[in-house]
Amino acid sequence: MKPKIGICYGQLGNNLPTQSKSIQLIKKLGAKRVKIYDANTKILNALKGTHLQASVMVPNEIITNISSNQTLADEWVKTNVVPFYPKTLIRYLLVGNEILSNPPNTTWFNLVPAMRKIRWSVKKFGLKRIKVGTPLAMDALESSYPPSNGTFRSDVRDKVIKPLLRFLDRTKSLYFLDVYTYFPWANQPDQINLDYALLAATNITYKDPVSGLTYTNLLDQMLDSVIFAMKRLGYPNIRLFIAETGWPNGGDIDQIGANIYNAATYNRNVVKKFMAKPPIGTPARPGVVIPTMIFALYNENQKPGPGTERHFGLLYPNGSSMALLCRLLRIQVMDYASFLVLHFKSLKMDFE
């Protein structure tokens, strides 16, 4: 697997460009993958003939019905995937989105059965290059510190996580993880160094007292805690796929650290880390490629929750001059402050 950076394309905004223009913008950013949160026909058509590898999502609300009905699973795949494949490079079908982050409900326990049904449909229609997975947030763990103590939550460990890992292992799929260093840092800014969270620390390290592994950034700690949690359940070799990561470029007045400079620093360092050749990996898995998706393409003004939720975009959806971090994925050496001055002078932006 080659190192490739992708972009999450959310659509929770009432001021976003068209789907076709959005795909063109993703290409200009230099991304190689795109993740969408549904199976939007216009987006999948816009992706035809491009070299962007696509992740498509089965919505949360139909998981329970699909879990017990193979016919429904077949119909969903036949309608939402088959007409576009292989001209649209659909590579991953993600069943639901952060299911375990919702309050306790029966969907938790229908997740893996639904994944099995979707996987059977994929095989039935001969979609040989598509893997089936589901993105989970860090809250699937009840312990992540130190990384060697990574442990899945007891309320889902036996009935959801173990079957999920068995499925991923058997189908050679990946563990899709939504991971944000911003949130643990914002919760404990006096205990976690900002540069350590931004992957920008030069002289700060943390040594895991059990594994003896040494960490130079918070993201590696979080990733390895999931690796150790899987290992604890008997699955040491399932690959990770970072389905979302990013840093907010703005937020509410009381949300510290959410600004353009930190967002640019974090995203630039993530790109640098996961595009490195040879691959860097993590302390627990050195040299391993970890596919990574940056969240998100746009600031989405209709997302609920705190202000940061509406400020993760690489681009501002404000007409023809939308770039916030234009050509971010191509920046390797240029000083970012100079970059901001150079590009912001030419853009009339509404900084909300």
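**Close-up views of strand β9 and its surroundings**

**View 1. Strand β9 is joined by five bridges to strand β12 (residues 239-245), and the two run parallel.** Within this pairing, tyrosine 175 stands opposite leucine 240 in β12. Strands are DSSP runs (E, at least two residues) and helices likewise (H or I, at least four), numbered from the N terminus; two strands pair if DSSP finds at least two bridges between them. The model is predicted: local features need pLDDT of at least 70, side-chain atom pairs count only at pLDDT 80 or more, and totals for chains, interfaces and linings use all residues. Residues are numbered from 1 along each chain as its sequence is written, and side-chain values use heavy atoms, with hydrogens and water left out.

**View 2. Strand β6 (residues 135-137) is linked to β9 by three bridges in a parallel arrangement.** The bridge partner of leucine 136 is leucine 177 in β9, while alanine 137 stands opposite aspartate 178.

**View 3. Strand β9 (residues 174-178) is mostly covered, with five of its five residues buried (under 20% relative accessible area; exposed is over 50%, partly exposed in between; 1.4 Å probe, protein chains only).** Leu174, Phe176 and Asp178 point one way from the strand, and Tyr175 and Leu177 point the other way.

**View 4. Nine strands form an open sheet with parallel pairing, in the order β5-β4-β3-β2-β1-β13-β12-β9-β6.** The edge strands, β5 (131-133) and β6, each pair on one side only.

**View 5. Helix α9 (residues 218-232) lies across β9 and β12.** The helix runs at about 140 degrees to β12. Axes are lines fitted to C-alpha atoms, for helices over the stretch in contact (heavy atoms within 4.5 Å), and angles run from 0 to 180 degrees between N-to-C directions.
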